[in-house]
Amino acid sequence: MATLFTKIIAGEIPADIVYQDEHCVAFRDINPQAPVHILIVPRAEIPGIADVPETGDHQHLLNAARKIAEQEGLAGGYRLVINQGVEAGQTVDHLHVHLLGGRAFSWPPG
Ligand code: AMP
């Protein structure tokens, strides 16, 4: 089923795209929780991290995150978040990594 993010990847819904390659597309979150808040979304329609096969290669998401963090000048650090399921607050059922930076983060997360 096509998700909101599938439509953004297809260019049917506008987004502030900051990075893309053959595996994924990254764009700024519409409701940023930090000065830098970017979503890294695989082109493949995978509902969440729970659906990634054990043998699946999703290293590319981390590679993209590292490149984008460098691109955004986040030398002081950043946080990567994947929300899986209702209790974690996942609202879009298309796997995505949140890249957050530009401020200090507390631990544990809320
Ligand atoms: P999650 O709650 O982990 O599923 O994350 C979904 C994220 O998508 C939220 O942080 C939303 O703010 C973000 N979001 C929803 N609609 C859009 C949109 N049209 N463009 C960019 N980000 C969006």
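**Exercise 1.** Is L80 buried, partly exposed or exposed? Keep in mind as you look that this is a predicted model.

*Solution.* Start with the value: L80 has a relative accessible area of 37%. Next, recall the cut-offs: buried means under 20% and exposed means over 50%, with partly exposed in between. L80 is therefore partly exposed. Now place this residue: L80 belongs to strand 4, which covers residues 78-81. Finally, look at its surroundings: L62, Y78 and L80 make a nonpolar surface patch of about 260 Å².

**Exercise 2.** Find how many aromatic pairs the whole structure holds, and describe what you find.

*Solution.* A search of the whole structure gives 1 aromatic pair. The partners are F5 and F27, with 5.4 Å centre to centre and 75° between the planes. Planes over 60 degrees apart count as edge-to-face, and this is how the F5 and F27 pair is arranged. Then locate the partners: F5 sits in helix 1 (residues 4-9) and F27 in strand 2 (residues 24-28), so the pair ties together parts 22 residues apart in sequence. Last, check the cover: F5 is buried at 5% relative accessibility, and F27 is buried at 3%.

**Exercise 3.** Which residues are closest to the ligand, and how much of the ligand does the protein bury?

*Solution.* Of the 16 residues surrounding the ligand, the closest are D29, N83, G89, T91 and H98. Taken alone, the ligand exposes 500 Å², and the protein buries 84% of that.

Notes
Residues are numbered from 1 along each chain as its sequence is written. This is a predicted model: local features need pLDDT of at least 70, side-chain atom pairs count only at pLDDT 80 or more; totals for chains, interfaces and linings use all residues. Side-chain values use heavy atoms; hydrogens and water are left out. Patches are made of residues with over 30% relative accessible area and no salt bridge: like charges are joined within 9 Å, nonpolar side chains (Val, Leu, Ile, Met, Phe, Trp, Tyr) within 5 Å. Accessible areas come from the Shrake-Rupley method with a 1.4 Å probe; for residues, only the protein chains shown count as cover. A salt bridge is a side-chain nitrogen of Lys or Arg within 4 Å of a carboxyl oxygen of Asp or Glu. Helices (H or I, at least four residues) and strands (E, at least two) are DSSP runs, numbered from the N terminus. Buried means under 20% relative accessible area, exposed over 50%, partly exposed in between (1.4 Å probe, protein chains only). Rings of Phe, Tyr and Trp (its six-membered ring) pair if their centres lie within 6.5 Å; planes under 30 degrees apart count as stacked, over 60 as edge-to-face and the rest as tilted. A residue is near a molecule or strand if one of its heavy atoms lies within 4 Å of it.
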